[in-house]
Amino acid sequence: MPTFPRATASHFVCPHAASLPRLKPALIACSMALCWTAASATAAERSVEEVADIYRQAATLAAGTQHLRLRNVVCPASPPLPVTAPFAVVPSEPAPRVVPPLADWYHEPVKVFDQLYFVGTNEHSSWAAVSDEGIMLIDTLYDYATGDAIVGGLRKLGFDPADIELVIISHGHGDHHAGAKYLQDEFGARVVMGADDWDLVERDRRNPIPRRDIIAEDGMSFTMGNTTVTLHATPGHTDGTMSSIITVQDNGVEHVAALWGGTSITERTTTDNVQLYIDSAVRFSNIVQSAAADILLANHLIFDGSMDKIPLLATRQAGDPHPYVVGTQTILDYLSVAENCARAVMAYR
Ligand SMILES: [Zn+2]
């Protein structure tokens with residue numbers, strides 16, 4: 001264990017400041033300890049494992065009790081799995097997808113905010129912003145679920161799925177884009193996705209491929225009724241991942257939601273993409289802060305805790321806090337977990 005040098009004013013300029021986690025004030029003492037740990041041995045003296053562990057510890061501190069699932073999914077195991085072929089390389093003979101029985105994945109549709117509804121499965125989220133001007137949807141689930149969860153879900157809630165005007169795809173993996181073609185064909189919905197992920201989707205051998213439509217640009221926004229969705233390019237999980245800032249209301253009170261568009265890093269994520277992921281997490285943190293976002297949404301239930309929060313909505317009384325309104329710092333902590341787990345992954349590359 002290295003000994004910490006006596007602190008002087010100059011010692012507080014951490015040489016690793018750029019790569020150290022951004023933590024809440026209560027954790028500054030800890031981050032200084034991490035800084036000393038990082039600073040008091042040269043790169044040659046530190047093992048890869050030690051460096052990875054510094055970032056894993058930072059992720060664990062930022063995770064607290066709220067983001068442990070995120071930490072456990074994104075942070076690398078020790079030692080990590082060997083790096084393999086990237087996601088973009090599609091096997092020539094992909095195994096057919098096994099369609100699970102409805103009972104294994106079906107989730108009732110749920111009103112979450114005044115105009116925002118959950119129409120996902122018990123694993124994947126699809127968010128529907130409903131207005132007189134039409135319905136905007138974020139993500140479309142695997143195609144086996146689109147009919148029952150999204151189309152059937154909207155009907156159960158009293159809406160007409162023919163009003164789906166716009167489908168935003170957070171990133172081009174089958175669990176998010178596979179229902180888009182059906183919504184295009186059936187209801188004439190427009191589909192928006194990052195340019196690189198249109199390319200990715202067109203190479204997809206396992207899922208229906210939507211016709212190329214709107215190319216998402218960084219900063220592009222869409223407004224229907226009281227909801228504005230602004231897209232931010234956050235490459236990493238895929239090259240074309242788009243994260244969203246979404247305005248919503250809770251009993252008429254304005255809130256801002258942040259949705260990190262692509263979350264996991266695996267042994268198939270290229271080293272370039274791990275670095276992009278780190279840069280995107282830092283950038284989106286600044287966007288979250290500027291937007292004063294106070295709601296955390298995700299496209300998998302495990303990441304935003306929807307499986308715990310949705311049941312709370314059913315028993316919520318007037319005046320009770322909204323379970324999805326977590327405050328800006330909790331979202332920044334979430335992105336700090338993602339960033340530091342990615343830095344731990346990078347330590348091994
Ligand atoms: Zn994905």
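Axes here are lines fitted to C-alpha atoms, for helices over the stretch in contact, and angles run from 0 to 180 degrees between N-to-C directions. The model shown is predicted.

**View 1. Helices α9 and α12 cross with their axes within 9 Å.** Helix α9 covers residues 271-291 and helix α12 covers residues 328-348. Their crossing angle is roughly 165°. Angles over 145 degrees count as roughly antiparallel, so α9 and α12 are roughly antiparallel to each other. The crossing is left-handed. From α9, the contact residues are V274, Q275, Y277, I278, A281, V282, F284, S285, V288 and Q289. From α12, they are T328, I331, L332, L335, A338, E339, A342, R343, V345 and M346. An α-helix has 3.6 residues a turn, so residues three or four places apart point the same way.

**View 2. Strand β9 pairs with β8 and with β10.** β9 spans residues 227-233, and five of its seven residues are buried. β8 (residues 221-224) pairs with β9 in the antiparallel sense over four bridges. S221 stands opposite T230 of β9. Two residues separate β8 from β9 in a hairpin. In that turn, G225 has a positive phi of about 55°. β10 (residues 242-250) runs antiparallel to β9, joined by five bridges. There, M242 of β10 is the bridge partner of A233.

**View 3. Helix α2 spans residues 48-63.** The helix has 16 residues. From first C-alpha to last, α2 reaches 22 Å, close to the 22 Å expected at 1.5 Å a residue. Its buried residues are V51, A52, I54, Y55, R56, A58, A59, L61, A62 and A63. Just after α2, G64 takes a positive phi of about 50°.

Methods:
Residues are numbered from 1 along each chain as its sequence is written. This is a predicted model: local features need pLDDT of at least 70, side-chain atom pairs count only at pLDDT 80 or more; totals for chains, interfaces and linings use all residues. The expected span of a helix is 1.5 Å times one less than its number of residues. A residue is buried if 20 or more other C-beta atoms lie within 10 Å of its own, exposed if 12 or fewer, and partly exposed in between; C-beta atoms are placed from the backbone. Two strands pair if DSSP finds at least two bridges between them. Angles under 35 degrees count as roughly parallel, over 145 as roughly antiparallel, 65 to 115 as roughly perpendicular and the rest as oblique. A crossing is left-handed if the near helix is turned anticlockwise from the far one by less than a right angle, and right-handed if clockwise. Two residues are in contact if their C-beta atoms, placed from the backbone, lie within 7 Å.
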